[in-house]
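Q: Hi! I'd like to talk through this chain with you. Could you walk me through it?

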Amino acid sequence: MTTSNIRNKQLNGEDNEQLQRIETLHQQLKAEQARAQELLAKLKSEDVQPPKSLLKEYHKQAKRLEKETGGKKRMDIGMSEMKAEEREIRELEARVSGLEGKVRGFEGLPPDRELALTEVEKMRKELVVLARRRDEMFEGLVDGDK
């Protein structure tokens, strides 16, 4: 036997092994496909129900949404309406943010209006004293440079 004949027999042997592996994989894929098709057919034919815990959560969320929307079911909303509502929500969020900023300005004040006014006046006087002190210190720096 020549060297080329031996090589051809080896290649044929390797080719046969690869073909057998491919055939095995092909059979496994066919079996898996058949199982998947059976499962799909079963799921389509049966009345498949989600777990009870998911159903409870779904009903809970649905009731909450119904309360929030006043019982209105708005499934017919279009893109333009959705964008308009989104714009309105953003405007309201900006307004709320501004109001929250104003409210933060009143933090630390007593809830009684008269007491709050007294506290504000006290703070104004303290501000005037601090401003005078700052000015005096600045003048001291300027006079010290001369």
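Q: Great, so how many helices and strands does the chain have?
A: The chain has 4 helices and 0 strands. Helices here are DSSP runs of H or I with at least four residues, strands are E runs of at least two, and both are numbered from the N terminus. Read from the N terminus, the order of elements is α-α-α-α.

Q: What should I know about the model before I go on?
A: This is a predicted model, where local features need pLDDT of at least 70 and side-chain atom pairs count only at pLDDT 80 or more, while totals for chains, interfaces and linings use all residues. Residues are numbered from 1 along each chain as its sequence is written, and side-chain values use heavy atoms, with hydrogens and water left out.

Q: What is the mean pLDDT of the chain?
A: The mean is 82, and 85% of the residues reach 70 or more. pLDDT is the predictor's confidence in each residue, on a scale from 0 to 100.

Q: And which elements have the lowest and highest mean pLDDT?
A: Helix H1 (residues 3-45) has the lowest, at 80, and helix H3 (residues 79-104) has the highest, at 90.

Q: OK, what share of the chain is buried?
A: Buried residues make up 1% of the 146 residues. Buried means under 20% relative accessible area, exposed means over 50%, and partly exposed is in between (1.4 Å probe, protein chains only).

Q: What does the accessible surface come to?
A: About 14300 Å², with 57% of that belonging to carbon and sulfur atoms. The areas come from the Shrake-Rupley method with a 1.4 Å probe, and for residues only the protein chains shown count as cover.

Q: Switching to H2, how many residues does it have and how far does it reach?
A: Helix H2 (residues 52-68) has 17 residues and reaches 24 Å from its first C-alpha to its last, close to the 24 Å expected at 1.5 Å a residue. That expected span is 1.5 Å times one less than the number of residues.

Q: Now the charged side chains. How many salt bridges are there?
A: The structure holds 6 salt bridges. Each one is a side-chain nitrogen of Lys or Arg within 4 Å of a carboxyl oxygen of Asp or Glu. In general, side chains of opposite charge can pair when their charged atoms come close.

Q: Which residue does Arg35 meet?
A: Arg35 meets Glu32, at 2.5 Å, N to O. They both lie in helix H1, 3 residues apart, about one turn of the helix. Arg35 is partly exposed at 48% relative accessibility, and Glu32 is partly exposed at 43%.

Q: What about Arg124?
A: Arg124 forms a salt bridge with Glu121 (3.7 Å, N to O). Both lie in helix H4, 3 residues apart, about one turn of the helix. Arg124 is exposed, at 52% relative accessible area, whereas Glu121 is partly exposed at 37%.

Q: And Arg113, which residue is its partner?
A: Glu114, with the closest N and O atoms 4.0 Å apart. Arg113 and Glu114 are both exposed.

Q: Last topic: where is Gly108?
A: Gly108 is in the loop between H3 and H4, and is exposed with a relative accessible area of 78%. Gly108 and Glu119 are 11 residues apart in sequence and 9.6 Å apart in space, C-alpha to C-alpha.
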